[in-house]
Amino acid sequence: MTVKVSEAYVSEVLAIQGAAVAPEAPKAIAAALGAQLAAAAPAYAALPFEAEPPTFLAVLAKEQP
Amino acid sequence: MAADITSLTLTEVAARIRTREASASEVLDAVLARAKAVQPKLNCFLRIDEELARAAAKLADADLARGHLRGPLHGVPLAHKDMYYRAGVPSSCGSRIKGREPEKTTATALKRLDAAGAIQFGVLHMAEFAYGPTGHNYHDGHCRNPWNPAHVTGGSSSGSGSSVAARAGFAALGSDTGGSVRLPAAICGITGLKVTYGRVSRAGAMPLSHSMDTVGPLARSAQDCAALLGVLAGADPADPAAAAEPVPDYLARLQLPVKGMRVGIPMSYFTDDMDPSVGAALTESLKALESLGCEIVPVTLPAEMTAFDVAGTHVIAAEGAAYHGNWLRTRPQDYSPQVRARLERGLALPATRYIDALRLRGHALAEFSKAVFAKVDVLHAPCIPIPTPTIAETDVGGSPSMDRTLALMTKFMRPFNYLGLPSLALPCGFLASGLPVGMQLVGRPFAEDAILRLGHAFQQATDWHKREPRL
């Protein structure tokens, strides 16, 4: 799976958060983000609807020796 | 005599002070002399508070003369990563942004060390805002590896690793969000403990990623890490994530047998990109564990290990970017270009993916536990698969393979932050170049006692942790 992140998206999403980035930054950020999103996409897609972030702490407590 | 003192471990020097074989002032003199001697070569201290420490040592000696023992670390001088706040004192966090105003609170970790009798004599170098795996710092100059100053120390707790390895401190606090205790411990040839998420309070420590941040010690041995964890661990109303799990007597539990302990070796992920010389040292460490009566068991890890690593990256990126949002808007020029670029990546991550990374976390831990801890007590893994790179190789524009080298340095670290599991990094050999090789022992949640016990047994049977760099 590939995820293409455009430089325009990166520039705009950083701009609306008030970050003035170096001209070369959006290209590098877009490439890195695309690769990361592709790597995690199947795991995220397999998540059940009900999974909530706090389940981590419950599992952490449950998996003690 | 001074050299003898600085070569002692934390537990040994604490015993000498307690039994009055050495005074706190004598010990401090020896440590200060060593710190001043190595600082020009290693740049591991950001500040040495000589006068304050000398006054505190005199008080500690006076207390002991009156028969008052403050705690297990009475009179032991320590310096810490410059991100543990002390009220009235600025903390730079390795940056140009913080460090001008005195902090308003004292970190719980420092309060607990103070109550145990330790004396803080300085603050240690670190990667800018603890956001870098190598130890580079363009504001204060790079911290240097005591085994070879051309090589990186590992980060972000660079000064903690370098100073403790150089015998300019008996132990130090570091922090581990994506490997920042274990990398410098492994690379500098010392022992570092990344605790279970929530085992030690983070109150009063600089935040990077509240879902991943942990506070942990770097020291000369697993025994010293056990002594420090006993002081540091426990609930804290000032940190809602600090767990209320009971704190066992970690030092006493070191004496329990390791015979019959099942040690897992991963059949995937941690075998990727392994340099043969590093792999050979790890294989030898397994033989040592086997000779202690441990059973070595191959384990198949979940297929989603890479996704777990990336999800951890997403959590750190999003949370780090949020904490730094105001400064990224108002003072971007005050960050080094590298740290600024890392933080800006987090601004582009969709919120849904950050939440997905948090939603995946419980599933990831359950899957990992089912695959690993249903079969073994402890997982054995490498820290980094390659020989320690040089500072130049990992500098901006230093090498075409820089990005890949940095990725390899963190690949085996971050999954355990994401999974919240405790991991002990310790030396398990040296390369022909004279640089140390580190291994990780990873345990179940809150099973620091098990990995410390195994690490201690390993260090009773080997002497890698006793080797000192020539400086």
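Guide: Start with two helices, α8 (residues 222-232) and α17 (residues 448-461) of chain B. This is a predicted model, where local features need pLDDT of at least 70, side-chain atom pairs count only at pLDDT 80 or more, and totals for chains, interfaces and linings use all residues. Residues are numbered from 1 along each chain as its sequence is written, and chains are lettered from A in the order in which they are written.

Visitor: Why is α8(B) called roughly antiparallel to α17(B)?

Guide: The two pack at an angle of about 150°, with axes 8 Å apart. Angles run from 0 to 180 degrees between N-to-C directions, and axes are lines fitted to C-alpha atoms over the stretch in contact. Over 145 degrees counts as roughly antiparallel. Therefore α8(B) is roughly antiparallel to α17(B).

Visitor: What makes residues of α8(B) and α17(B) count as meeting?

Guide: Contact requires C-beta atoms, placed from the backbone, within 7 Å. In α8(B), A222(B), Q223(B), C225(B), A226(B) and L229(B) meet E448(B), L452(B), G455(B), H456(B) and Q459(B) in α17(B).

Visitor: How is the contact of α8(B) with α17(B) split by class?

Guide: The classes are nonpolar (Ala, Val, Leu, Ile, Met, Phe, Trp, Tyr, Cys, Pro), charged (Asp, Glu, Lys, Arg) and polar (the others, Gly among them). This contact has five nonpolar, four polar and one charged residues.

Visitor: Which residues of chain B and chain A make the contact, and how many?

Guide: Chain B gives 36 residues and chain A gives 32 residues. On the side of chain B that touches chain A, α14(B) gives the most, with twelve residues. That side divides into 19 nonpolar, eight polar and nine charged.

Methods: Two residues are in contact if their C-beta atoms, placed from the backbone, lie within 7 Å. Helices (H or I, at least four residues) and strands (E, at least two) are DSSP runs, numbered from the N terminus. Angles under 35 degrees count as roughly parallel, over 145 as roughly antiparallel, 65 to 115 as roughly perpendicular and the rest as oblique.
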